[in-house]
Amino acid sequence: MKNKVLFIVTAIVVFLLGLLASSIVNRKNEAKYKYVPQVEISENEPRNEEWGKNYPAEYQSFLQTAETDFASQQGGSAMRDVLHEDSRLVVLFAGYGFAKDYNQGRGHQYAIEDLRNSLRTGGPKGKGDGPMPATCWTCKSPDVPRLMNENGIAEFYSGKWADKGAEVVNPIGCADCHDSKTMKLTISRPALVEAFEEMGKDINQATHQEMRSLVCAQCHVEYYFDKKLPGKEGVPYLKFPWKNGMSVEAMEKYYDDIEFKDWTHKLSRTPMLKAQHPGYETYLTGVHADRGVSCADCHMPYKSEGGQKFTDHHIQSPLNNVANACQVCHREDADKLKQNVYERQRKASENRLKLEDFIVKAHIEAKKAWDLGATEEQMKDILMDIRHAQWRWDYSAAAHGASFHSPVETARVMGSAFTVIQEGRLKLARLLAELGHNEPVEMPDISTKEKAQEYIGLDVEKMKQDKEAFKQNLVPQWLEEAKAREAGYDTKKVSMNK
């Protein structure tokens, strides 16, 4: 009986070892053939599906950026109308495109579609028409480095947004971050390289781990359009304001020194700065960057399928992928980790909304001062306070992950904005009293997006009509032209006899 049991146990062990050996062989074979190239990818290939023929696992995960079913407390992939959620923004951006339309960004798959649909890009009827420059395409597509390589950087930045609508059609993807021959991470946008050079640094010396953040820093940064660049006057050339450093004060000084403004506020007449999305700058001031954690470590963590380890290109909030993103380092329960993030975000949002109230009031009070006959000399310092306070608020708010990436620095920046705007409002109160107004300025009803837009004089229905006409008439022409162009691309299959 004992021998029989031993025989059965031995047989089971041998069987299991056989299964394990078979699995190992299969996984090795899968890994061996995983990256056998199918096509030769050209230097300027913008079509993500072509890259996907050689890198199917990465491409299939990239396609998941089309998912729109995750909404966190402060972000996610779901479409959200930010102006509807916070109508104060309409007044803060009065006279600027973000007062027309401001939606939470969806995944990279929607980069082109969402830009076309935004009221900010207007309803152009053809080339040379519309409110936006061609530079606004810069971070939206791998067609951008293609065009820059084919025609030159300044030429790409030249002209109107509508001029290149038929050329920029592929959403953010492979060629934005990878070299087509080696697949190494690469910088495809010149503004980042130029910013490093201006700081006296060589981006070519960056380590691979640093590159896992720098490819993101091509776009998730603060930038501006410089129309005074020597030799390129009039061209809205994309630049980063990093010459003095990346802190909120350093960039503020940079803009002040060159007397730059993004727009003049419609109510207060303040020469305004619009913080774009300084995600990289705020990330650098946080504990994760300090400990060498890259953007990709959390937003594109490694994944294993079929015995092959690869980078998950489903670029998303780590809160929708806690096991692979957060719990690799943090062993706490997933719900506890999420609540920790949400608590930080809630506390930052409390201060952000209070700060918005003060700045909105300052804009309206400044308008009252102008209406009562204030002079430019009387308003000069007040407007500078409004400019600096809103810049600091926007720096904290527009970098959507700042309250998590760097909660201490975000709180510091918002705290300084509170001080600046209160000083500005004290100056306003004294000036209003001098002008004969000795009571609080009446505030309008801006409790909804619609009421706020009406208050600042926007004809939203007209903008929507223009946008629909644009989508029905011009966009189909762009797509047909792009289809015809791409049909002529030479895609070579790789010979298996090499």
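How many of the 498 residues in the protein chain are buried? Buried residues make up 46% of them, where buried means under 20% relative accessible area, exposed means over 50%, and partly exposed is in between (1.4 Å probe, protein chains only). A quick word on ground rules: this is a predicted model, in which local features need pLDDT of at least 70 and side-chain atom pairs count only at pLDDT 80 or more, while totals for chains, interfaces and linings use all residues. Residues are numbered from 1 along each chain as its sequence is written, and side-chain values use heavy atoms, with hydrogens and water left out.

Now for the overall picture. The protein chain has 21 helices and eight strands; these are DSSP runs numbered from the N terminus, with helices (H or I) of at least four residues and strands (E) of at least two. Along the principal axes, the C-alpha atoms of the chain fill a box of roughly 105 × 60 × 45 Å. Contacts here are heavy atoms within 4.5 Å. Among those with a separation of 6 or more, 71% are between residues 24 or more positions apart.

On to the inside of the chain. A nonpolar core is a set of buried Ala, Val, Leu, Ile, Met, Phe, Trp, Tyr and Cys residues joined through side-chain atoms within 4.5 Å. The largest such core has 51 residues, and the ones with the most contacts inside it are Leu192, Leu214, Phe240, Trp242 and Trp478. A second, separate core of 44 residues includes Tyr96, Leu355, Leu383 and Val441. In soluble globular proteins, nonpolar side chains tend to be buried together. As for Leu214, its contacts beyond four places in sequence are Ile187, Leu192, Phe196, Ile203, Ala206 and Tyr280.

Next come the positions that a database record points out. An unreviewed UniProt entry lists Tyr223 and His277 under "binding site"; UniProt positions are given in the numbering used here, feature names are shortened, and annotations may be inferred rather than shown by experiment. The two residues span 55 residues in sequence, yet no two of their C-alpha atoms are more than 8.4 Å apart, so they gather at one spot. Tyr223 sits in the loop between helix H10 (208-217) and strand E2 (224-226), and is buried at a relative accessible area of 17%. Leaving aside neighbours within four places in sequence, Tyr223 has contacts that include Phe240, Tyr255 and His277. Phe240 also turned up among the residues with the most contacts inside the largest core. His277, for its part, is in the loop between strand E5 (271-272) and helix H12 (279-283) and is partly exposed, with a relative accessible area of 30%. Its contacts beyond four places in sequence include Cys219, His220, Tyr223 and Ala398.

The unreviewed entry in UniProt also lists Cys136, Cys139 and Lys140 for "binding site". Cys139 is found in the loop between helix H6 (111-117) and helix H7 (143-151), and Lys140 lies in the loop between H6 and H7 too. Cys139 counts as buried at 18% relative accessibility, whereas Lys140, at 27%, counts as partly exposed. Beyond four places in sequence, Cys139 touches Ile172, Arg189, Gln218 and Cys219. Lys140 has contacts with, among others, Ile172 and Arg189.

What about open spaces? A pocket is an open set of points on a 1 Å grid over the protein atoms alone, where a 1.4 Å probe fits, with protein on both sides within 12 Å along at least five of seven lines; lining residues have an atom within 4 Å of a point. The second largest pocket has a volume of about 490 Å³, a volume being the space filled by probe spheres set on the points, which are joined across faces, edges and corners. Of its 26 lining residues, the closest to the centre are Gln74, Val82, Arg352, Ala397 and His400. Elements giving two or more residues to this lining include helix H16 (334-371) and helix H17 (376-398), and the largest share, six residues, comes from H16.

Met183, in the loop between helix H8 (153-157) and helix H9 (190-198), has a phi near 65 degrees, a positive value in a residue other than glycine. Glu259 has a positive phi as well, about 55 degrees, and is not a glycine either. Glu259 counts as exposed at 69% relative accessibility.
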